[in-house]
Amino acid sequence: MACGSTSLWAGETSWFCCGNAWGPCASTGGGACGNCRSGANHGAWPNASQACWDITRPDLCGENIPRRGCGSVMNVRHQCSGATVCITITDCGPRTKEWCGEATCCNGTCRTNRVLDLTPAAFSAIGSLSSGKLPVYIYE
């Protein structure tokens, strides 16, 4: 898996457990692509497919996010610390339309709208799970 350095998007990320279960993250999941694992560096993208787009509707928040399907590789960089993690898209999400205008800031610069969900493993590589969300730059 090769992570690129071409700018794709900037926004806010949160973390999620793969699959449809509530509670502690299981080691296996499934997700929209069928291979999401909470213990791996995986992520969910709101335009992984047309069906995904219809659920997440980032356009309602002014985000015309490009289509990147299952297996797409992205490099995610924390805006504040510069920490990076290379992820593979394995699920659909977040439901961007539910978080329109939400902002996460650091060093006087804010990122708005949740445009990416990371598994606990990926999120922990760039920030603390207890923070809940982070401002990020996304590259491919």
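Q: Which residues does E102 touch, not counting residues up to four places away in sequence?
A: In this predicted model, E102 has its place in the loop between β4 (84-92) and β5 (103-106). Its relative accessibility is 18%, and because buried means under 20%, E102 counts as buried. Leaving aside residues up to four places away in sequence, the residues that E102 touches are E12, R111, T112, N113, R114 and K133.

Q: In what order do the six strands close into a barrel?
A: The chain has two helices and eight strands, and from the N terminus on its elements run β-β-α-β-β-β-β-β-α-β. Six strands close into a barrel with mixed pairing, and the twist averages 45° from one strand to the next. The order of the strands in this barrel is β1-β7-β2-β4-β3-β8.

Q: Which residue in β7 is the bridge partner of S14?
A: Strands of a sheet pair through backbone hydrogen bonds, and the pairing can be either parallel or antiparallel. Strand β1 (residues 7-15) and strand β7 (residues 114-118) pair in the parallel sense, over four bridges. The partner of S14 in β7 is D117.

Q: What is the radius of gyration of the chain, and why does it agree with a compact globule?
A: Along its principal axes, the C-alpha trace of the chain spans about 40 × 30 × 30 Å. A compact globule with 140 residues would have a radius of gyration near 14 Å, and the value for the chain agrees with this because it is 13 Å.

Q: How many residues apart are C61 and C100, which form a disulfide?
A: The sulfur atoms of C61 and C100 are 1.8 Å apart, and the link is left-handed, with -80° about the S-S bond. C61 lies in the loop between α1 (50-56) and β3 (73-78), whereas C100 lies in the loop between β4 and β5, so that the pair links distant parts of the chain. C61 counts as buried at 16% relative accessibility, while C100 counts as partly exposed at 39%.

How values were computed:
Residues numbered from 1 in each chain as written. Predicted model: local features only at pLDDT ≥ 70, side-chain atom pairs only at ≥ 80, totals over all residues. Heavy atoms only, no water. Pairing = 2+ DSSP bridges. Axes fitted to C-alpha atoms, helices over the stretch in contact; angles between N-to-C directions. Rg over C-alpha atoms; globule rule 2.2 N^0.38 Å. Buried < 20%, exposed > 50% of the residue type's maximum accessible area, 1.4 Å probe, protein only. Contact = heavy atoms within 4.5 Å. Disulfide = S-S within 2.5 Å.
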